[in-house]
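Dear colleague,

Please find the structure below, handed over for your records. A short account of the findings comes after it.

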Amino acid sequence: MIAGLLTTLFYCLLLIVDYKKGVLFSAFTIQFLAYLGCGIPGFKVFLVVVALSIVLLPFHYNKLSKQPYPKVLVFSFILFALSYFLSEYFSKLKGNTMLVIANLCSNFVFPFIVFKCIDTERDIKRAVRYLYYLMFFACSYSVFEALIGHNYILDLISSNYIMEDFIYDVSEKRFGLKRCNSIFSYFTTYGVPCVLSFAVFYALNYKYKGLTRHKHMGMLLILLLFGALATGSRAVLLGIGLTLLLLLFQKQFLLSRKSSLIILLTLFLLPGIIYYIGVLADSMINADTSKVGGSTIDLRMRQWEISWDYAKDSLWFGNGRMYIWEVVKPKHYELAGAESIWFSIFVDYGVLGAIAFLYLIYACVRVLRRINWRYTCIPLSYLLILSLSPDTGVQYNVLITFTILLYKINYKDNKKPYGKIFSHRSSL
């Protein structure tokens, strides 16, 4: 409890003393650790940080970036607001209005503030540095976690903080490794930052070298790949596979010194890669008899049947926030972790919620496609991962934050006027 209060106090003081630095530090640290409670039951450290950043915004707004926020992201926020409030209005679980507002603020208003706080090259370098150190530490620790077969950091965190979200650690092995989640709450909440960070740091390493001076960027990229593998999540592996497919075959990489070595190494390991792809496919179809285990297609179909029975009760607007977890799951043990975001979207928010989610993916694709179509791997891998794994703890603000970061990095590298960035097309 004391640890939560001290952590909250640290972030709040940082926001008060240096607003931009506080927002960026929060965006690339505590935003990914939203399960941490501030010491007061029902309140997360991240939620307190979001609330304070919104309260302080009017006092700093004139000093922040004048660049217009992408309209597609604004419209995405409007769609989600409509979905959330209509779902709450028609909900069978009343009394969640304040939580709906809190979700909108953390998922959409906070990324807007992050966008406004990244104005200069110094801001970009600062944001990149925070993300670099967080992921380098997290991925390095997961190597240690895999070797010793236990997550002592999560033990330490659990004994000193109030947990305000789902947190899970197991000794189960997949692909010969202990399933790791490092300092994150779950395999997916670790895997998503690994995949999205890989895309950002790959771009920094091969296209935007002027914005980073970190000597160990190549090592970090390897660690991020290991982190994705160590989650043991087949959805995360498919996500990193899609990212590699879209990023590797471009001019900067193919002309680099390392490309020949990596291509030769890939060809040498190709039999093993093909074998593991087969194991991966078999585990999704025949989990009961495969060496990997996990949920099967049949289980997911059964989960969809259960979810659809409840979704039909309020098809357009859903049954309300958390209905799938608070009402449906206690009645149906087969639902387990509800192995796809679509189950919870249709049950909780209905067709309008599904449209809002798909539009968010489209909005991020549109923003990144104008920079370089290959960077659409960020929203597409996010969609793929959440479509095939539980969405617990994985928030939309994470996707928007990574989209914003790459958007801002591209502007500063190309020295384009803010209004013309959408007319720039990469030559890659």
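This is a predicted model: local features need pLDDT of at least 70, side-chain atom pairs count only at pLDDT 80 or more; totals for chains, interfaces and linings use all residues.

Residues are numbered from 1 along each chain as its sequence is written, and side-chain values use heavy atoms, with hydrogens and water left out.

The chain has a mean pLDDT (the predictor's confidence in each residue, from 0 to 100) of 86, and 83% of its residues reach 70 or more. Among helices (DSSP runs of H or I, at least four residues, numbered from the N terminus), confidence is highest in α2 (residues 19-27), at 98, and lowest in α12 (residues 257-285), at a mean of 60. Over residues 416-428 pLDDT stays under 50; for this stretch the model has 33 contacts (heavy atoms within 4.5 Å) beyond four places in sequence.

Helix α1 (residues 2-17) and helix α3 (residues 45-60) have axes (lines fitted to C-alpha atoms over the stretch in contact, with angles from 0 to 180 degrees between N-to-C directions) that come within 10 Å and cross at roughly 20°. The two helices are therefore roughly parallel (angles under 35 degrees). Residues making the contact include Y11 and L15 of α1 and V49 and L52 of α3.

No disulfides (pairs of cysteine sulfur atoms within 2.5 Å) are found in the whole structure. For C194, the nearest cysteine sulfur, that of C139, is 4.0 Å away.

Yours sincerely

Conventions
Angles under 35 degrees count as roughly parallel, over 145 as roughly antiparallel, 65 to 115 as roughly perpendicular and the rest as oblique.
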